[in-house]
Amino acid sequence: MTAVIDKKKCNGCGLCALYCPLDVIYMEDGIGHVVYPDECWHCGACRQECAKGAVRFEFGAMMLAV
Ligand code: SF4
Ligand code: SF4
């Protein structure tokens, strides 16, 4: 499972990147990007801080195959 950012909802506030304890998210071109999805702890901080509801969690293909 990893955090995924909906680029259509993201307003580029940067809070998800600020609060991510593992620097999984970086800001570029005015929106957040999950650049290290394998490092995500699923702590939920990014989703909790996002006022736009742009962060969701998705299951990876490996987890669905189990
Ligand atoms: S907290 Fe939400 S709106 Fe702000 S940069 Fe992150 S995904 Fe975009
Ligand atoms: S769930 Fe936690 S570790 Fe994963 S991207 Fe969001 S803030 Fe970072």
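## Notebook: a predicted model with two ligands

I began at ligand 1, which has Ile 5, Cys 10, Asn 11, Gly 12, Cys 13, Gly 14, Cys 16, Met 27, Cys 50, Lys 52, Ala 54 and Val 55 around it. A residue is near a molecule here if one of its heavy atoms lies within 4 Å of it.

A note to myself on the ground rules: this is a predicted model, where local features need pLDDT of at least 70 and side-chain atom pairs count only at pLDDT 80 or more, while totals for chains, interfaces and linings use all residues. Residues are numbered from 1 along each chain as its sequence is written, chains are lettered from A and ligands numbered from 1 in the order in which they are written, and side-chain values use heavy atoms, with hydrogens and water left out.

**Entry 1, the ligand shells.** I sorted the shell of ligand 1 by residue type and got 8 nonpolar, 3 polar and 1 charged. For this sorting, Ala, Val, Leu, Ile, Met, Phe, Trp, Tyr, Cys and Pro count as nonpolar, Asp, Glu, Lys and Arg as charged, and the others, Gly among them, as polar. Then I turned to ligand 2. Which of the 13 residues around ligand 2 come nearest? They are Cys 20, Cys 40, Cys 43, Gly 44 and Cys 46. The shell of ligand 2 holds 11 nonpolar residues, 2 polar ones and no charged ones.

I looked up pLDDT, the predictor's confidence in each residue, from 0 to 100. The chain has a mean of 92, and 91% of its residues reach 70 or more. Where is confidence lowest? I found it in helix α3 (residues 61–65), with a mean of 58, whereas helix α1 (residues 15–19) is highest at 98. Helices (H or I, at least four residues) and strands (E, at least two) are DSSP runs, numbered from the N terminus. My reminder for such spots: where pLDDT is low, the predicted coordinates should not be read in detail.

Tyr 19 belongs to helix α1. Why does Tyr 19 count as partly exposed? Because its relative accessibility is 44%, and partly exposed lies between buried (under 20%) and exposed (over 50%), with a 1.4 Å probe and protein chains only.

I checked two loops. Asp 23, between α1 and β2 (25–28), has a phi near 55 degrees, a positive value in a residue other than glycine. His 42, between β3 (31–34) and α2 (45–49), has a phi near 65 degrees. Most residues other than glycine have a negative phi. Asp 23 is partly exposed at 43%, and His 42 is partly exposed at 37%.

Glu 58 pairs with Arg 56, their closest N and O atoms being 2.7 Å apart. Glu 58 is partly exposed at 34%, as is Arg 56 at 37%.

Tyr 26 sits in strand β2 and is partly exposed at 43%. Tyr 26 and Tyr 36 are 10 residues apart in sequence and 9.1 Å apart in space, C-alpha to C-alpha.

Technical notes
A salt bridge is a side-chain nitrogen of Lys or Arg within 4 Å of a carboxyl oxygen of Asp or Glu.
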